Amino acid sequence: MSTPFWAPPPEKYPGPLPEKADVLVIGGGIAGTSLLWHLARRRIDAVLVERHHIAWGASGRNAGFLLAGVASSYAEAVRTYGRQKARDVWELTNENHDRMIEAVRGHSFGYRRLGSAILPDSDEERTLLIESEQLLQDDGFSALWDGTRLVNPRDGEVDPVALVAAFARQAKPGGIRESMEVTGLVPNLHGVTVTAGEVACEAGVVILATNGYTSQLVPRVKIEPTRAQMLATVPETKAITDLPVYSHFGYHYWRQLSTGEVLVGGWRDTSLDTEQTTDEEPTAQIQEHLEQAARDLGVNNEVTHRWAGTMGFTESGLPLAGPVDGMPNVYICAGFTGHGMGFAFMTAKQVAEQI
Ligand SMILES: Cc1cc2nc3c(=O)[nH]c(=O)nc-3n(C[C@H](O)[C@H](O)[C@H](O)COP(=O)(O)OP(=O)(O)OC[C@H]3O[C@@H](n4cnc5c(N)ncnc54)[C@H](O)[C@@H]3O)c2cc1C
């Protein structure tokens with residue numbers, strides 16, 4: 001069974017589908033709740049609908065790393081996107097970190113900003129990380145190769161459910177409606193007719209914040225559902241790692257909470273085919289790799305939680321932020337390719353500015 005480590009938010013947001021809405025946001029993860037925040041600041045009236053509960057999706061199942069950049073190293077990103085675009089992406093994610101934390105100041109969400117480490121798993125990765133240190137420093141970013149790993153001192157970590165819950169708490173009364181699954185979208189001259197089973201809502205604009213689930217509702221949007229798995233152990237008294245660690249080109253990651261629990265995730269590369277799914281059940285095969293990884297880190301404690309979540313991958317590796325082709329009045333804010341905590345707040349700002 002999939003049992004995420006992070007407890008669901010205590011608040012409940014019941015309510016029917018509204019008959020009318022200026023803006024209807026679909027999806028109650030970090031993207032949807034960030035959208036509500038930005039739209040409210042622009043005095044745009046919006047309602048968010050979520051088919052389960054706030055942070056039910058990947059936002060409530062992730063590792064909680066707040067990292068700069070994308071999964072690849074800076075050196076690879078420079079090769080893929082060019083120097084200027086790679087720099088822009090790193091700047092955007094740094095800004096995302098600062099502004100997102102500022103937006104939920106005063107709420108408690110397990111935030112620590114100790115930095116993060118990228119640990120090479122091969123000579124090839126080591127060479128790329130050493131090159132990345134130089135490129136990052138030349139471009140004005142703080143990064144330090146300490147002889148074994150690349151440390152980014154600006155990075156941080158959170159309890160992702162508590163973070164999303166902090167955004168949800170700032171919504172206007174009635175601004176969030178849980179247990180409301182959207183089943184159809186029909187754009188028309190004045191807006192979009194949104195259906196949830198038998199009921200309908202006339203929305204001026206719809207924003208899809210449905211990330212890895214987007215193709216279930218709008219198949220034309222090219223976002224690949226991609227499963228990621230994790231486990232958590234009972235608290236370990238000895239220090240396993242001083243920083244959240246990312247390794248093997250982003251396929252391996254682990255962190256230790258201030259309360260001692262060790263969280264290990266990834267190893268999707270050992271079974272890429274089976275992980276292209278929206279099925280949130282962890283598999284024995286990947287869980288065995290995660291358990292072995294925990295043992296290799298020196299953790300033999302009992303595993304308390306095993307879970308999986310659905311990420312949304314785009315072809316470019318960067319989020320989609322803007323109108324959906326061929327669907328007037330429908331926008332998208334999704335496709336975070338495994339890095340939504342690092343991107344979604346600023347991507348939501350970009351989309352809110354287009355409404
Ligand atoms: C195991 C794992 C580890 C990860 N680790 C990290 C990390 O450390 N750092 C990081 O930055 N990112 C990480 N990610 C990625 C990150 O979790 C996602 O990029 C981010 O949470 C996406 O947020 P979202 O709001 O776009 O989507 P989601 O959180 O998935 O929210 C989408 C919501 O839409 C709802 N929905 C879908 N269809 C409908 C419908 N028809 N009607 C109503 N509601 C609907 C779903 O129920 C869901 O709650 C990880 C992901 C996983 C799975």
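Modeller: Happy to! Helices (H or I, at least four residues) and strands (E, at least two) are DSSP runs, numbered from the N terminus. This is a predicted model, in which local features need pLDDT of at least 70 and side-chain atom pairs count only at pLDDT 80 or more, while totals for chains, interfaces and linings use all residues. Residues are numbered from 1 along each chain as its sequence is written.

As a setting for the shell, the chain holds 8 helices and 18 strands, and its C-alpha trace spans about 60 × 45 × 40 Å along the principal axes.

From the shell we can follow H8 to helix H3 (residues 83-103): their axes come within 8 Å and cross at roughly 80° (axes are lines fitted to C-alpha atoms over the stretch in contact, with angles from 0 to 180 degrees between N-to-C directions). The two helices H3 and H8 are therefore roughly perpendicular (65 to 115 degrees; under 35 is roughly parallel, over 145 roughly antiparallel, the rest oblique). On the H8 side, the contact uses Gly342, Phe343, Phe345 and Met346, and H3 answers with Leu92, Thr93, Glu95, Asn96, Arg99 and Met100 (C-beta atoms, placed from the backbone, within 7 Å). This contact of H3 with H8 comprises 5 nonpolar, 3 polar and 2 charged residues.

The other helix of the shell, H1 (residues 30-41), packs against H5 (residues 160-169), with axes that come within 9 Å and cross at roughly 30°. H1 is therefore roughly parallel to H5. Ile30, Thr33, Ser34 and Trp37 of H1 touch Val164, Phe167 and Ala168 of H5. No charged residue takes part in this contact of H1 with H5, which has 5 nonpolar and 2 polar residues.

One further helix pair may interest you. The axes of H2 (residues 74-81) and H4 (residues 123-138) come within 7 Å, crossing at roughly 75°, so H2 is roughly perpendicular to H4. Tyr74, Ala75, Glu76 and Val78 in H2 meet Leu128, Glu131, Ser132, Leu135 and Leu136 in H4, giving 6 nonpolar, 1 polar and 2 charged residues.

Methods
Two residues are in contact if their C-beta atoms, placed from the backbone, lie within 7 Å. Ala, Val, Leu, Ile, Met, Phe, Trp, Tyr, Cys and Pro count as nonpolar, Asp, Glu, Lys and Arg as charged, and the others, Gly among them, as polar.
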